[in-house]
Amino acid sequence: MADKQADRPIYLDYQATTPSDPRVMEAMLPYLSRQFGNPHSIQHTIGLKAEAAVEKARGQVADLINAESREVIFTSGATEANNLAIKGVAAFQKGRRGHAIVAVTEHKCVLESYHRLEREGWRVTYLPVSSKGLLDMKALTTALDEDTALVSVMAVNNEIGVIQPLDEIGALCREKKAAFHCDAAQAAGKIPLDVEAAKIDLLSISGHKLYGPMGIGALYVRRRPRVRLEPLFDGGGQERGLRSGTLPLFLCVGFGEACALAQADRASEGTRLAALSARLWSGLTAELDGLSVNGDQDRRFAGNLNISFAGVDAEALIKAMPEIAVSTGSACTSASVEPSYVLQALNLEEERTRSALRIGLGRFSTAEEIDRAVAIIVRAVTDLRGRAGRDGNSADGSQAAE
Amino acid sequence: MQDSPVYLDHNATTPMRPAAIDAMSGVLGLTGNPSSVHSFGRNARKLLDQARGAVADLVGADPAEVVFTSGGSEANDLALNGLSHQELPLTVIASAGEHDSVRKAAPQTIFVPLTGDGRIDLSALEGLLASQAEPALVSVMLANNETGVVQPLCDVVDLAHAAGALVHCDGVQASGKLAMDFAALEVDLLSLSAHKFGGPQGVGALVVRSGLDLKAQHRGGGQERNRRAGTENLPGIVGFGAAAATAEEVLAAQPCLALLRDDMEARLAQVAPEVVFFGRQSERLANTSCFALPGVRAETQLMALDLAGVAVSAGSACSSGKVAPSHVLKAMGAEDDLAGAALRVSLGWQTSEAEVDRLVEAWIAFYNRSRAA
């Protein structure tokens with residue numbers, strides 16, 4: 001059995017999905033069998049117990065972001081939460097305001113929702129980012145006006161891990177009475193989030209990105225000052241009429257537990273991940289030249305390292321290392337061969353974009369795994385560079401080094 | 001001598017089947033996003049495809065026709081809003097007894113009345129179809145969640161297709177309880193839910209006839225062949241697949257449930273001849289009974305039964321918190337007072353005779369008390 005463990009690839013793709021924490025599974029298991037019930041069947045005891053479990057979970061989610069329980073709407077995941085926030089506000093504000101703002105490095109489901117608004121006649125401003133991936137605050141200030149209904153900026157970028165200045169963005173939006181929507185799928189449970197301090201009006205969370213189950217997420221919807229939105233779909237009128245459908249009891253319980261665990265461990269886990277990330281970076285740079293980190297070096301979540309390896313094609317590099325699971329970018333688009341639009345938004349040379357690898361560290365990453373991964377990456381990069389050198393086309397590669 | 005509670009509200013949700021629990025327990029600890037290309041992702045993708053095959057087999061569809069959703073409500077919404085004709089949404093024609101997730105999905109839905117026995121009024125449907133200038137989408141459920149009445153879907157499909165309309169069938173409550181064959185039903189869209197027949201909550205599917213151009217309502221990463229964005233709920237889908245793969249056990253239990261249900265209704269009618277049973281003359285789901293005790297509010301009956309440790313409901317769970325009388329019973333011609341006095345009893349594949357006895361005894365005890373008072 002122990003040997004089998006060593007044979008398993010090392011998982012370094014924590015931004016695509018995180019494994020469920022065993023404690024989360026333990027909390028969920030009773031709800032798969034004995035503790036069943038429809039939380040909306042409040043006419044009998046079994047339904048009431050289910051409702052109580054859901055409300056406990058709602059409180060755990062709210063605590064993680066300093067919100068009130070009743071401001072948390074459960075959804076099927078962050079994609080639905082983002083769709084609900086954007087299309088929901090737009091549907092309500094139609095005829096009142098007609099402008100919306102989104103950063104170009106947002107997740108695909110956010111950008112797609114804004115494309116939809118544009119087709120419906122909304123004026124949409126796509127905000128650029130600096131070469132380090134940080135939002136251009138001047139551009140935001142200029143773009144915001146009395147007609148702006150909604151601004152979407154994510155907390156932590158899924159590809160490059162950059163943390164946006166939420167407090168400043170929130171203050172600017174509040175001044176213009178525009179709703180500030182923050183996609184925190186990658187940030188919740190990883191960095192401190194406070195919807196009050198940052199004046200966030202809508203915030204999306206995903207279960208399976210914080211060691212909880214897949215198939216569940218939440219949208220925080222501010223009550224004071226109240227944010228108004230229309231539901232995406234109607235039905236039984238659950239979740240304050242904003243999200244119909246039977247609530248999945250066991251998923252709510254698992255999600256709530258995951259939030260509670262993440263909050264309890266966040267500070268110490270952050271320190272541990274920063275040490276692992278430094279270990280990875282120093283291990284790689286000790287052996288290899290021509291490495292550069294994409295995205296701001298300091299303002300980033302420690303569990304993400306997006307690195308370009310000069311002279312190496314990232315796709316080829318991934319193929320050369322079946323012993324580790326990493327990616328070139330977002331999982332949703334990982335089957336496509338187009339270069340990442342997030343990296344392109346940083347205005348890097350094309351060579352640097354093509355050679356970029358996203359390495360995601362997380363709760364179950366160990367120093368031993370990092371050391372093994374370093375050895376595997378060093379060997380593969382050296383091998384690929386050597387081959388390219390023999391083929392005589394390494395000229396552009398070596399130049400790209402910082 | 002407090003006995004364990006008796007749960008007879010299986011149409012609201014039913015406990016998971018052991019096969020589904022086992023399958024999910026094995027997957028909950030798994031790492032991998034099915035869209036990732038590395039080995040963790042490919043392994044997740046394989047499990048996803050297996051489950052898709054099992055769900056497709058359950059309803060005789062092609063795996064490529066199955067779109068996983070977060071449940072029945074989302075599947076219904078996707079069906080009713082995902083199709084268009086020349087960039088315009090289709091006119092939706094739905095029966096008046098549909099679930100709220102259908103009734104409220106499209107803004108200008110035209111409703112077809114029900115007959116007194118709980119079935120869609122086919123001649124009214126025919127008339128409405130004839131008056132449509134543009135292609136319409138007809139939405140009729142396979143079996144009603146409150147009365148269990150099975151709808152004459154073959155007739156609906158014939159009428160609709162003859163008029164050039166498409167058909168969506170809400171098969172949520174019938175999932176796993178009625179044998180269904182997507183190809184033989186000849187519907188264009190079929191909604192399914194996992195937690196109504198022993199799968200997990202939080203997962204469902206929309207079966208989309210191949211060739212139909214269905215637009216995603218949740219946009220994003222392009223999952224589910226661009227028909228439903230969002231990372232797939234892998235453990236939920238695996239549990240759905242396992243429940244589907246063992247659904248014949250649920251189907252096999254149905255004739256026994258019909259006997260239990262019919263016996264229960266006969267005993268209630270014997271003691272309280274004034275009880276009104278809804279849809280009893282129609283073909284019904286074997287597990288469902290809906291009846292009213294005239295003059296006694298449902299809430300009063302529910303409270304008495306809950307105190308006796310028996311859980312049933314007044315209509316659908318989604319609206320159980322509200323006091324509004326059932327729109328289904330009203331569509332069948334019941335006055336507000338009578339509809340407000342109706343209970344729904346729904347049995348599960350594991351329901352025993354002793355449990356039904358507990359319900360009958362508790363209800364009769366309540367009935368005698370209320371008559372004495």
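Q: Which residue does the side chain of A:Arg222 meet in a salt bridge?
A: This is a predicted model, where local features need pLDDT of at least 70 and side-chain atom pairs count only at pLDDT 80 or more, while totals for chains, interfaces and linings use all residues. Residues are numbered from 1 along each chain as its sequence is written, chains are lettered from A and ligands numbered from 1 in the order written, and side-chain values use heavy atoms, leaving out hydrogens and water. A salt bridge is a side-chain nitrogen of Lys or Arg within 4 Å of a carboxyl oxygen of Asp or Glu. With N to O at 3.2 Å, the partner of A:Arg222 is A:Asp201.

Q: Are A:Arg222 and A:Asp201 buried or exposed?
A: Here's the scale: buried is under 20% relative accessible area, exposed is over 50%, and partly exposed is in between (1.4 Å probe, protein chains only). On that scale, both A:Arg222 and A:Asp201 are buried.

Q: Why does B:Arg297 count as exposed?
A: B:Arg297 pairs up with B:Glu299 in a salt bridge, with the closest N and O atoms 3.6 Å apart. B:Glu299 is partly exposed at 24%. B:Arg297 counts as exposed because its relative accessible area is 52%.

Q: Which side chain makes a polar contact with the side chain of A:Arg243?
A: A:Arg243 is buried, with a relative accessible area of 7%. A polar contact is a pair of N or O atoms within 3.5 Å; within protein, one must be able to donate a hydrogen and the other to accept it, and residues adjacent in sequence count only if both atoms are side-chain atoms. At 2.7 Å, the partner of A:Arg243 is A:Glu80.
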